[in-house]
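Here is a short briefing on one protein model. Keep the sequence and the 3D view side by side as you read.

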Amino acid sequence: MPFAYLVLGEGARRLHVSAAFNAKPKVAMSRFEPGTSISYEKLHENIDIVRKRLNRPLTLSEKIVYGHLDDPVGQDIARGRTYLRLRPDRVAMQDATAQMAMLQFISSGLPKVAVPSTIHCDHLIEAQIGGVEDLKRAKEVNQEVYNFLATAGAKYGVGFWKPGSGIIHQIILENYAYPGVLLIGTDSHTPNGGGLGSICIGVGGADAVDVMAGIPWELKCPNVIGVKLTGSLSGWTSPKDVILKVAGILTVKGGTGAIVEYHGPGVDSISCTGMATICNMGAEIGATTSVFPYNHRMKTYLNKTGRAAEASYQRALHS
């Protein structure tokens with residue numbers, strides 16, 4: 001590998017510590033889902049089990065992925081070889097792929113989705129004239145599709161973001177992503193959420209249906225590529241230059257089957273949305289997803305997007 005694997009020690013800064021898991025009250029997964037809560041307790045229990053089994057420190061992405069194992073005791077874990085059975089925290093679908101996914105879920109006969117799920121109407125809006133005109137045309141042309149997604153979502157407990165609400169990836173970053181969450185989305189650029197310390201993976205509609213139906217989701221145990229960032233962004237450089245450099249080294253297939261973990265002192269010079277941009281474009285090198293460690297940039301972003309409670313929770317967990 002062009003980069004050394006990122007291995008974080010047991011007491012490394014920013015990582016979860018056992019005392020903190022029981023020190024904070026429950027925090028809702030999002031302000032739209034007050035009845036749900038972030039379950040770091042279960043995540044921590046699974047991490048402890050897997051760490052003892054493997055008898056080695058775990059990287060950040062391993063902690064999040066293995067922390068969501070359906071069977072942490074019996075699961076066979078071998079990077080690049082075995083298939084993991086996981087329990088993602090939530091599902092996000094864009095309107096083009098959500099149609100078949102919702103039809104498949106309806107055929108399951110289940111009354112409600114098993115995990116928090118959302119539909120985002122952005123992909124069927126074609127850029128032709130201008131924002132206002134294009135949105136109006138999309139609503140007219142796709143009225144039947146939007147009506148189906150809205151009513152199906154209402155019936156089966158799926159959140160619905162109507163056309164004009166915004167791009168799916170930005171909505172996820174602002175509302176649903178948080179450090180430690182495992183989210184799957186029916187779009188190749190779902191990894192955008194890695195800019196907020198999340199493991200967000202793009203999948204097909206059938207995979208999303210499995211998770212919504214409460215069936216463990218299978219993922220080939222990913223390899224880990226560590227990218228150490230030193231120095232800081234300056235002058236005309238931007239976060240996009242970072243991923244373009246990585247892509248130039250790894251090529252369009254170099255990240256296949258792997259999670260790219262960014263670390264090092266250079267991380268703190270990049271904004272939360274800048275980190276999201278880097279993770280978003282990780283899809284262009286074939287990476288399963290990309291992720292950054294929790295830092296003060298993410299804390300600020302959580303506060304600015306109305307999630308001060310989550311920021312407070314994270315500060316206790318990663319101090």
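A residue counts as buried when its relative accessible area is under 20%. By that cut-off phenylalanine 292 is buried, because its relative accessibility is 0%. The model is predicted.

- Strand β5 spans residues 182–185, and both of its faces are covered.
- Leu182 and Ile184 lie on one side, Leu183 and Gly185 on the other, and all are buried.
- In a regular strand, side chains alternate between the two faces of the sheet.
- Strand β2 (residues 90–94) runs parallel to β5 and is joined to β5 by 3 bridges.
- Across that pairing, glycine 185 in β5 stands opposite alanine 92.
- Strand β6 (residues 199–202) also pairs with β5 in the parallel sense, over 4 bridges.
- Here leucine 183 stands opposite cysteine 200 in β6.

**The open sheet β8-β9-β10**
- This open sheet has 3 strands in the order β8-β9-β10, with parallel pairing.
- The edges are β8 (223–228) and β10 (289–291). Each has a single partner strand, so one side of each is left without a neighbour in the sheet.
- On average, neighbouring strands of this sheet are turned by 20° against each other, direction ignored.
- Strand β9 covers residues 258–263 and pairs with β10 over 3 bridges, in the parallel sense.
- Glutamate 261 has valine 291 in β10 as its bridge partner.

**Aromatic pairs**
- The structure holds 6 aromatic pairs.
- One of them joins phenylalanine 105 and tyrosine 156, edge-to-face, at 5.5 Å centre to centre and 85° between the planes.
- Phenylalanine 105 sits in helix α4 (residues 95–108) and tyrosine 156 in helix α6 (residues 143–156), so the pair ties together parts 51 residues apart in sequence.
- Phenylalanine 105 and tyrosine 156 are both buried.
- How are the rings of tyrosine 262 and phenylalanine 292 arranged? Their centres are 4.6 Å apart and their planes are at 5°, so the pair is stacked.
- That pair links distant parts of the chain, 30 residues apart. Tyrosine 262 is in strand β9, while phenylalanine 292 is in the loop between β10 and α11 (296–304).
- Tyrosine 262 also counts as buried, because its relative accessibility is 1%.
- Ring pairs also link Phe32, Trp161 and Tyr176 into a cluster.

**Cysteines**
- How many disulfides does the structure hold? The count is 0.
- Cysteine 200 is in no disulfide either. The nearest cysteine sulfur to cysteine 200 is that of cysteine 279, 8.7 Å away. A disulfide needs the two sulfur atoms within 2.5 Å.
- Cysteine 121 is buried, with a relative accessible area of 1%.
- Cysteine 200 is buried too, with a relative accessible area of 0%.

**Largest pocket**
- The volume of the largest pocket is about 330 Å³.
- Its lining has 22 residues. Ser39, His68, Arg87, Pro88 and Asp89 are the ones that lie nearest the centre of the pocket.
- Helix α2 (residues 40–54) gives the largest share of the lining, with 4 residues.

Note on methods. Residues numbered from 1 in each chain as written. Predicted model: local features only at pLDDT ≥ 70, side-chain atom pairs only at ≥ 80, totals over all residues. Heavy atoms only, no water. Buried < 20%, exposed > 50% of the residue type's maximum accessible area, 1.4 Å probe, protein only. Pairing = 2+ DSSP bridges. Helix = DSSP H or I, 4+ residues; strand = E, 2+ residues; numbered from the N terminus. Axes fitted to C-alpha atoms, helices over the stretch in contact; angles between N-to-C directions. Phe/Tyr/Trp six-rings, centres within 6.5 Å; stacked < 30°, edge-to-face > 60°. 1 Å grid on protein atoms, 1.4 Å probe; cavity = no way out; pocket = protein on both sides within 12 Å on 5 of 7 lines; lining within 4 Å. Points joined across faces, edges and corners; volume = space filled by probe spheres on them.
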